[in-house]
Amino acid sequence: MPASSPPPIAVERLVKIYRTVAAVDGISFTLVPGSITGLLGGNGAGKTTTIATIMGLVIPTSGRVTVLGAEMPRQRYRVLHRMNFESPYVEVPMRLSVRQNLTVFGMLYGVEDLRGRIAQLGHELELTKLLDRPTGKLSAGQKTRVSLAKSLINSPDVLLLDEPTASLDPDTADWVRGHLARYAEMRRATVLLASHNMAEVERLCDRVIIMKRGRIEDDDTPAKLLARYGRRTLEEVFLDVARGGSLAEV
Amino acid sequence: MIRKPPAYAASTTDLAFSPRRVAAMMLRYWYLLRSSWPRLLDLVYWPTVQMLTWGFLQYYIAANAGFFARAGGTFIGAVLLWDILFRGQLGFSISFLEEMWSRNIGNLMMSPLRPLEFIAALMVMSVVRLSIGAVPVTLLAIAFFGFNLYALGLALVAFFFNLMLTSWAIGIFVSGLILRNGMGAENFAWSIMFLFMPLACVYYPVATLPAWLQPLAWLLPPTYVFEGMRALLIHKVFRSDLMLDALGLNAVLFAAGVLAFLALVRSARRNGSLMQTGE
């Protein structure tokens, strides 16, 4: 990407207030191309609102969010075909077969050679034998792979993931993480990942942003965070931040 | 270094309209209909029950009242046209509700699908759903009561087009309400059209209403259609003036529906309700 290219995601002094509650309270960060960044925080920390604002689903109260240079949500149609997302809070239609779902979303995203792309994703995500089965008849792990296939159908440059491995068994979760890491590396895609799974964040992310009550409490590489808090795992770091421990107390 | 604009720049504005994305949504609803026989049966069930009930009632009245004997078909005609209005709106709203029920609306709102493309797909699907339900019922009306709706000819086209425009306008508005307020507003999809029923004078002339209510009735486009139907069946006159008046009112209603939908979607983005599409 040329030096003059806009960052994949830039959040500047973002504030989102619902009635009187500040869900996000003046956060700023910029992601670099090809990075995988973890967004950590307890319930109500503002992670989902931040991701929804980046996706253009929420209008900020103040501040500015740009994706690939387009201001969200005002200029979202300039970039939505280069983005995608996966979240346990949305589902692909259960009555449609996997192939039908991927066909519909592929058409929505304007994917060229859609049949080839579906076959490729079927192969990569081990869905080939499931393509003609109704999505609702699949196991939780298989459904997650279908959601992942939907989120990769347009080979996005920016991928937003909200709890991508929630409710998966460890083996399937590990498989999904491996695939995401390979995709980000091969495509040089930028990934923003909200998760409560610290092992997942440690394995996947080269940067971690920790949020609390709508603000960024810390922002660094996993290794530097561990060193700064004097902890052995990110889970311990997360607990320190969540319970209000200051560095001095650690 | 100034980057060359990408080839897709022309299709990245809010106003771009892609037939491919509309076709994608139609395909999605067609897959759904095809996969579920209860959904298909539901399209035919109520129109058939309605038509039979009112058809037999008309038989009874016709045998006992000279006027209604001359005005043959007005009840069945009204039932069939009312069904176009009601099922048209319901067909639109149910396709939309399928996205809420399947928790797919977030996927769509974050895809490149424009609101106007979404609306266009829902409009086409309402016609498809209506056709699946209404065509067999109109054939049954011929078989049971000798009432041939298609004998209305070009007048039927005018009635149908006007009723569909009204049903779409209402369907679009209700969809916006549900997006903005969540599934708590779902009931509107099922009941809002019945607000029209007394004032649109489906089964009786506008003159039946109290004088002070009549101007209100004439504000509703369907009123003109049902008056036009009675004029055709009873007096054998096609009232093109009524159809043109209905078309003018429908144009206003449809534009208002679309504008309200866009405003409600914007309000939903401000309010964060696109993230929470539950109750």
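Modeller: Helices (H or I, at least four residues) and strands (E, at least two) are DSSP runs, numbered from the N terminus, and in this predicted model the helix H5(A) is followed by Arg188(A), whose phi is positive, near 55 degrees. Residues are numbered from 1 along each chain as its sequence is written, while chains are lettered from A and ligands numbered from 1 in the order in which they are written. Because the model is predicted, local features need pLDDT of at least 70 and side-chain atom pairs count only at pLDDT 80 or more, whereas totals for chains, interfaces and linings use all residues.

Colleague: Which residues of H5(A) are buried?

Modeller: A residue is buried if 20 or more other C-beta atoms, placed from the backbone, lie within 10 Å of its own, exposed if 12 or fewer, and partly exposed in between. In H5(A), the buried residues are Val176(A), Arg177(A) and Leu180(A). They cover an arc (that of the directions from the helix axis to the C-beta atoms) of only 100 degrees, which puts them on the same side of H5(A). On the other side of H5(A), Asp171(A), Gly178(A), Arg182(A), Glu185(A) and Met186(A) are exposed. The buried residues of H5(A) pack against H4, strand E8 (190–194) and helix H6 (198–204) of chain A.

Colleague: What span should the 18 residues of H5(A) have?

Modeller: The expected span of a helix is 1.5 Å times one less than its number of residues. For H5(A), residues 170–187, that gives 26 Å, and its end C-alpha atoms are 26 Å apart, which agrees. H4(A), with 13 residues, reaches 18 Å from its first C-alpha to its last, close to the 18 Å expected.

Colleague: How many of the residues of H4(A) are buried?

Modeller: Ten of the 13 residues are buried, so H4(A) is largely enclosed by the rest of the structure; among them are Lys143(A), Arg145(A), Leu148(A) and Lys150(A). These buried residues of H4(A) pack against strand E6 (83–86), H2, helix H3 (114–124), strand E7 (158–162) and H5 of chain A.

Colleague: With which residues is Lys150(A) in contact, leaving aside its neighbours within four places in sequence?

Modeller: Two residues are in contact if their C-beta atoms, placed from the backbone, lie within 7 Å. By that rule Lys150(A), which sits in H4(A) (residues 140–152), meets Val92(A), Asn101(A), Leu102(A) and Phe105(A). Asn101(A) is 49 residues from Lys150(A) along the chain, yet their C-alpha atoms are separated by 7.8 Å. Lys150(A) is itself buried, with 26 other C-beta atoms within 10 Å.

Colleague: How many residues of chain A are in contact with chain B?

Modeller: The count is 33 residues of chain A, in contact with 31 residues of chain B. Helix H1 (47–55) and helix H2 (98–108) of chain A each supply at least two residues of the side that touches chain B, and the largest share, six residues, comes from H2(A). If Ala, Val, Leu, Ile, Met, Phe, Trp, Tyr, Cys and Pro count as nonpolar, Asp, Glu, Lys and Arg as charged, and the others, Gly among them, as polar, this side of chain A divides into 22 nonpolar, eight polar and three charged residues.

Colleague: What does H1(B) pack against with its buried residues?

Modeller: The buried residues of H1(B) pack against H2 of chain A together with H4 and helix H6 (115–145) of chain B. The buried set comprises Arg21(B), Val22(B), Ala24(B), Met25(B), Arg28(B) and Tyr29(B), and, seen down the axis of H1(B), they fall within an arc of 160 degrees, so they line one face of the helix. On the other side of H1(B), Pro19(B) and Arg20(B) are exposed.

Colleague: At what angle do the axes of H4 and H8 of chain B cross?

Modeller: Axes are lines fitted to C-alpha atoms, for helices over the stretch in contact, and angles run from 0 to 180 degrees between N-to-C directions. Angles under 35 degrees count as roughly parallel, over 145 as roughly antiparallel, 65 to 115 as roughly perpendicular and the rest as oblique. The axes of H4(B) (residues 74–101) and H8(B) (residues 186–199) come within 9 Å and cross at roughly 170 degrees; H4(B) and H8(B) are therefore roughly antiparallel to each other. Leu85(B), Phe86(B), Gln89(B), Ser93(B) and Leu97(B) in H4(B) meet Glu186(B), Ala189(B) and Met193(B) in H8(B).
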